[in-house]
Amino acid sequence: LFDGVYPFYPQQRKAASFNISTIIVMVVFLTLAFSFLLIIPGIRGRARLYWTLRVLLSLFVGVGIVVVQFTGDWETGWVQVNTSYKSFSRAVVNADIGVHIGLEGVNITLKGNPVNQINETINYNEYFSWTFDSNYDRSYSEGLEKGLPSPILYVAEKFTSQSPCTMHRQYRVSGHYASAMLWVAFCTWIISNILFSMPALVYGGYMLLVTGAFMTFSLLSFSTVRNSPMCLIQIGTATLHVAYGGSFWLTLVIGLLCFVAGITVVALHHLSLDLLKTFFDLHKYKAEEYQEMAEVHVNSYFVNKAL
């Protein structure tokens with residue numbers, strides 16, 4: 001108790017790996033996939049398999065590009081330590097401390113082993129944003145006023161703009177440009193789908209290569225934070241190390257998939273155009289053209305007159 005008042009601080013929580021924006025994006029793309037599966041029975045023959053493969057692969061690339069914008073596991077790290085719990089207190093707790101770094105901010109997690117220790121529930125997950133329209137230092141100051149546990153404040157202090165570690169500027173700039181590259185990749189993914197539907201297959205393949213290139217640029221942008229010396233996050237006798245997380249590797253996989261798909265389309269266009277048209281179900285249009293030509297009627301009167 002603090003003068004008879006419980007220190008309850010209501011605030012918006014944000015999960016370390018998933019948040020509302022991520023769920024919304026996944027629901028939208030899953031709805032598109034489910035809608036397509038409903039019309040699959042109307043496609044006959046081998047074209048049904050080709051359509052399913054093309055649409056699902058395209059949706060996987062699209063949802064991957066958008067989702068990694070909002071996830072918080074581009075870099076992650078965990079450490080188990082015995083540490084002091086709050087300032088001006090000698091209480092020591094055993095807890096897991098986790099750091100989940102995304103393009104827009106950092107999640108710092110503190111979970112006790114066990115959760116209930118020293119008559120308290122130790123299970124915190126605090127989010128600090130460093131985007132250009134937010135103020136990281138103000139969020140950190142609010143955390144001080146709320147009386148957050150010392151391990152969370154210690155880790156959060158490493159990312160402030162006043163910290164000698166300079167990690168705030170590194171992650172802020174690299175995350176900003178990585179996000180911009182991903183949005184450009186999303187635009188080129190849309191253009192590639194438009195070109196495939198026109199159909200302009202070879203140009204759609206080129207745009208897939210451009211999509212993979214911009215996704216690679218986003219990875220290079222984010223990885224520039226490793227070029228500068230990083231401050232050690234020393235908690236007690238343990239050191240918290242961060243490594244590339246699931247979102248980073250997912251972006252790499254999708255970028256490689258775009259390169260493979262784009263190279264395959266361009267190569268088939270020059271080496272086996274019939275096979276490429278078969279995969280995109282374009283032979284039926286050619287057959288319809290031949291059928292229309294076969295139905296042309298010749299007036300024998302004019303032919304004989306000309307002869």
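Before any strand can be named, I need the rule: helices (H or I, at least four residues) and strands (E, at least two) are DSSP runs, numbered from the N terminus. I count two strands as paired if DSSP finds at least two bridges between them.

**Entry 1, ground rules.** I am working on a predicted model, in which local features need pLDDT of at least 70, side-chain atom pairs count only at pLDDT 80 or more, and totals for chains, interfaces and linings use all residues. Residues are numbered from 1 along each chain as its sequence is written, and side-chain values use heavy atoms, with hydrogens and water left out.

I find 10 helices and seven strands in the chain. Of its 307 residues, 41% are buried, where buried means under 20% relative accessible area, exposed over 50%, and partly exposed in between (1.4 Å probe, protein chains only). I get an accessible surface of about 17,800 Å², with 64% of it belonging to carbon and sulfur atoms; the areas come from the Shrake-Rupley method with a 1.4 Å probe, and for residues only the protein chains shown count as cover. I then looked at contacts, meaning heavy atoms within 4.5 Å. Among those between residues at least 6 apart in sequence, 66% join residues at least 24 apart.

In what order do the five strands of the open sheet lie? I read E4-E3-E2-E1-E7, with antiparallel pairing. Strand E4 (120–129) and strand E7 (243–244) are the edges, each pairing on one side only. As background, strands of a sheet pair through backbone hydrogen bonds, either parallel or antiparallel.

I went through the pairs one by one:

- Strand E1 (residues 75–84) and strand E2 (residues 92–101) are joined by 10 bridges, and Glu75 has Ile101 as its bridge partner in E2.
- E2 and E3 pair over seven bridges in the antiparallel sense, with Thr109 in E3 as the partner of Gly98. Three residues make up the link in the hairpin from E2 to E3.
- Strand E3 (residues 105–117) is joined to E4 by nine bridges. Lys111 stands opposite Asn123, and Asn116 stands opposite Thr121.
- E1 and E7 are antiparallel, over two bridges, and Ala243 in E7 is the partner of Thr76.

How many residues lie between E3 and E4 in their hairpin? I find two residues between them. Ile118 is in this loop, and its phi is near 45°, a positive value in a residue other than glycine. Asn119 is in the loop between E3 and E4 as well, with phi near 65°, also positive. I note that most residues other than glycine have a negative phi, and most peptide bonds are trans.

Is Ile118 buried, partly exposed or exposed? Ile118 is partly exposed, at a relative accessible area of 39%. Asn119 counts as exposed, at 84% relative accessibility.

One joins Asn113 and Pro114, with omega about 0°, and Pro114 sits in strand E3. Another runs from Met198 to Pro199, with omega near -5°. Pro199 is in the loop between helix H5 (167–197) and helix H6 (201–223).

An unreviewed UniProt entry lists residues 20–39, 51–70, 177–196, 203–222 and 242–268 under "transmembrane region". UniProt positions are given in the numbering used here, feature names are shortened, and annotations may be inferred rather than shown by experiment. I checked two of the spans against the model. Residues 20–39 are 100% helix and 0% strand, with end C-alpha atoms 29 Å apart. Residues 177–196 are also 100% helix and 0% strand, and their end C-alpha atoms lie 29 Å apart.

Helix H7 (residues 246–271) has 26 residues and reaches 37 Å from its first C-alpha to its last, close to the 38 Å expected. The expected span is 1.5 Å times one less than the number of residues. Which residues of H7 are buried? Among them I list Ser247, Phe248, Thr251, Ile254, Gly255 and Cys258. The cover over the buried residues of H7 includes helix H2 (47–67), H5, H6, E7 and helix H8 (273–279).
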